[in-house]
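Here's a quick tour for anyone meeting this structure for the first time. Have a look at it, and then we'll walk through a few spots.

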Amino acid sequence: MRQIEEVVPTQEITKVDLLGMDRAAMGAYFTEIGEKPFRATQVMKWIHQFGVADFDEMTNLSKALREKLKRVAHVRTPKIVEEQRSTDGTIKWLLEMDNKNAVEVVFIPEKNRGTLCISSQVGCALECTFCSTGQQGFNRNLENWEIIAQMWVANKALGCKPKEERIISNVVFMGMGEPLLNVKHVFPVARILMDDFAYGLSKRRVTISTSGVVPAIDMIKSELDVSLAISLHATNDALRDILVPINKKYPIAELMPSLYRYVEGGHSKKHVTIEYVMLDKVNDLTEHAHELVEILGDLPCKVNLIPFNPFPNTDYRRSSNNAIHRFRAILEDKGLKVTVRKTRGEDIDAACGQLAGKVSDRTKRTQHVVELDSGIKL
Ligand code: SAH
Ligand code: SF4
């Protein structure tokens, strides 16, 4: 009788991903695999400063170490599935993270800087009514490698090695998602962005933008020194509850003190950027400007007025130029520093709040309880 031979598949080793490791994690990993910790910084430089994902190209590592790394680790990077270029030079990439989900990342070239706007989640659970990402629902948090990969891939696509040339000078977490509901993965990525062995951006050039997750704002203060932008958008709770519903959980009276705590004890120029989307006849009246002056008090801050960027099926409209100028003048008259954001990439739907990506599972849209990595429940 013929014997049936059972074929036992060689057990697949789950490879460790090196792209998303900050220096502490990388050092610990190299120690764990019996290598000297300085190898960690060599590998970080190869990956982030020279854009190398193939261990064979890491020529200052011994052949034996390269072979070992090939067996146990990898530098996983997402695929660019679409690239769109605006007439104003803005570029938007759609990156496929798994076969169901894709996120958008936007590069905005300006005269003296290049800003990369990165995503922290697939979709967003917070349902701000004027935001396209919020309207399409939430699927999942992005992991470290998926977030830093946006910087890695953008540098590659721009043909730039950060060690030799820095085309991307600023990174803002203003793409899809609420970064402070994903601190577990966002904080290590911010560290990689600011690490001299990786991208070496100064803390002034890495900005986390949040709709106001108060406990996580306090975590920034204690764990990470980065710039902070707050999506305020309304000057009283009644209106903010509608525009930015997380306000019901963390109302203005709790949010404002957390901003004072953030700047407290910092260097003399430490400030918060206050983002304020300009919605026609909703939050752009003179009374709102006066109310804004009042609630900001003497908080060290700059106000950034963002003309609303429309998207399909929204009832909101952009404030008129007159309304924006009037609003700005009232703030400036009271001594506030104000800028009006120039809308970029509108023709390719790459402007603030227009990012859609590809969210496979929208069922979580109605799930109002979101658990922070830190265990804080919303
Ligand atoms: N979740 C974070 C970061 C992503 S949104 C946050 O809310 O801060 C980045 C910025 O774009 C925020 O200030 C957000 O309020 C703003 N935004 C969202 N939708 C917009 C739209 N349609 N027009 C203009 N700005 C918008
Ligand atoms: Fe989420 Fe920010 Fe959009 Fe609000 S504005 S839904 S927090 S991405």
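## A buried cysteine

Let's start with Cys131: at 16% relative accessibility, this residue counts as buried. Here buried means under 20% relative accessible area, exposed means over 50%, and partly exposed is in between (1.4 Å probe, protein chains only). Cys131 sits in the loop that runs between β7 (121–123) and α4 (132–135). How far apart are the C-alpha atoms of Cys131 and Cys352? They are separated by 8.4 Å, while the two residues are 221 residues apart along the chain.

## Some ground rules

Keep in mind that this is a predicted model: local features need pLDDT of at least 70, side-chain atom pairs count only at pLDDT 80 or more, and totals for chains, interfaces and linings use all residues. Residues are numbered from 1 along each chain as its sequence is written, chains are lettered from A and ligands numbered from 1 in the order in which they are written, and side-chain values use heavy atoms, with hydrogens and water left out.

## The whole chain

Stepping back, the chain has 11 helices and 14 strands. These are DSSP runs numbered from the N terminus (helices: H or I, at least four residues; strands: E, at least two). The chain is as compact as a globular protein of its length, because its radius of gyration is 22 Å, close to the 21 Å that the globule rule gives for 378 residues. That radius is taken over C-alpha atoms, and the rule is 2.2 Å times the number of residues to the power 0.38.

Along the principal axes, the C-alpha atoms fill a box of roughly 85 × 55 × 45 Å. Of the 378 residues, 54% count as buried.

## Two loop residues with positive phi

Which loop holds Lys281? It's the one between β12 (272–278) and α10 (286–296). Lys281 isn't a glycine, yet it has a positive phi of about 60°. With a relative accessible area of 60%, Lys281 is exposed.

Asn313 isn't a glycine either, and its phi is positive at about 65°. You'll find Asn313 in the loop between β13 and α11 (321–333). Its relative accessible area is 80%, so Asn313 counts as exposed.

## A positive patch

Finally, Arg204, Lys269, Lys302 and Lys337 form a positive surface patch. Patch residues have over 30% relative accessible area and no salt bridge, with like charges joined within 9 Å; a salt bridge is a side-chain nitrogen of Lys or Arg within 4 Å of a carboxyl oxygen of Asp or Glu. Lys302 belongs to strand β13 (residues 301–307), and at 34% relative accessibility Lys302 is partly exposed.

Notes. Patches are made of residues with over 30% relative accessible area and no salt bridge: like charges are joined within 9 Å, nonpolar side chains (Val, Leu, Ile, Met, Phe, Trp, Tyr) within 5 Å. Accessible areas come from the Shrake-Rupley method with a 1.4 Å probe; for residues, only the protein chains shown count as cover. Lys and Arg count as positive and Asp and Glu as negative; His and the chain ends are not counted. The place of a charge is taken as NZ of Lys, CZ of Arg, CG of Asp or CD of Glu.
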